[in-house]
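These are my notebook entries on a single chain. I set down what I looked up, in the order in which I looked it up.

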Amino acid sequence: MTNDISYNKLFKLLIDKGLRKTKFASMANISQTTLAKLSNNQHVSMDVLIKICRTFDCSFDDIVEIMPIEAD
C-alpha cells in the first residue's frame, strides 16, 4: 500500500526555518505520536493540520501534498 499523502513540504519548511521536529511539535502543541504519524506520512486529524497552519501562518498547500494515484 502506498501513502496517498505526503508531509515533505512541512519538513522542508522546518528545515528552511531551522527548526528541529521536537521544537516544532512543542510550538504547534502536537504530541510525539502525532509527530511520528507526520514523519511516516500517515493521516492526522484536521485539528492537527489547523494547529500547524496557525503556528506557521500558512495554508494546507504549504504543508501537505496529495499524492497521485498509482496505476497497478
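**Entry 1. Terms and overall fold.** I note that the model is a predicted one. I looked up the secondary structure of the chain and found four helices and two strands. Read from the N terminus, the order of elements is β-α-α-α-α-β. I then checked the radius of gyration, which is 12 Å; the globule rule gives 11 Å for 72 residues, so the chain is as compact as a globular protein of that length. The C-alpha trace spans about 40 × 20 × 20 Å along its principal axes.

**Entry 2. Surface and contacts of the chain.** I looked up the accessible surface, which comes to about 5200 Å². Carbon and sulfur atoms hold 51% of that surface. Of the 72 residues, 32% count as buried. I also took the contacts with a separation of 6 or more: 59% of them are between residues 24 or more positions apart.

**Entry 3. Thr34.** I located Thr34 in helix H3, which covers residues 32–39. Is Thr34 buried or exposed? Its relative accessibility is 14%, and because the limit for buried is under 20%, Thr34 counts as buried. Its side chain makes a polar contact of 3.1 Å with the side chain of Ser31. Beyond four places in sequence, I find Thr34 in contact with Val44 and Val48.

Entry 4. In soluble globular proteins, nonpolar side chains tend to be buried together.

**Entry 5. Cysteines.** A disulfide is a covalent bond between the sulfur atoms of two cysteines. I searched the whole structure for disulfides and found zero. Cys53 is in none, and the nearest cysteine sulfur to its own, that of Cys58, is 4.2 Å away.

Entry 6. I placed Ser6 in strand S1, residues 5–6. Ser6 counts as buried, with a relative accessibility of 4%. Its side chain reaches the backbone nitrogen of Asn8 at 3.2 Å. Not counting residues up to four places away in sequence, Ser6 touches Asn41, Ile63, Val64, Glu65 and Met67.

From that list I went to Val64, which lies in the loop between H4 and strand S2 (65–66). Val64 is buried, with a relative accessible area of 12%. With the same exclusion of residues up to four places away, Val64 touches Ile5, Ser6, Tyr7, Lys9 and Leu49. How far apart are Val64 and Asn8 in sequence and in space? They are 56 residues apart in sequence and 7.3 Å apart C-alpha to C-alpha.

**Entry 7. Positive phi angles.** Asn29 has a phi of about 60° and is not a glycine. Asn29 sits in the loop between H2 and H3, and at 58% relative accessibility it counts as exposed. Asp57, also not a glycine, has a positive phi of about 50°. I found Asp57 in the loop between H4 and S2. Asp57 is exposed, with a relative accessible area of 73%.

Notes. Residues numbered from 1 in each chain as written. Predicted model: local features only at pLDDT ≥ 70, side-chain atom pairs only at ≥ 80, totals over all residues. Heavy atoms only, no water. Buried < 20%, exposed > 50% of the residue type's maximum accessible area, 1.4 Å probe, protein only. Polar contact = N/O pair within 3.5 Å; in protein donor to acceptor, adjacent residues only side chain to side chain. Contact = heavy atoms within 4.5 Å. Disulfide = S-S within 2.5 Å. Rg over C-alpha atoms; globule rule 2.2 N^0.38 Å. Areas by Shrake-Rupley, 256 points an atom, 1.4 Å probe, with all protein chains shown as cover.
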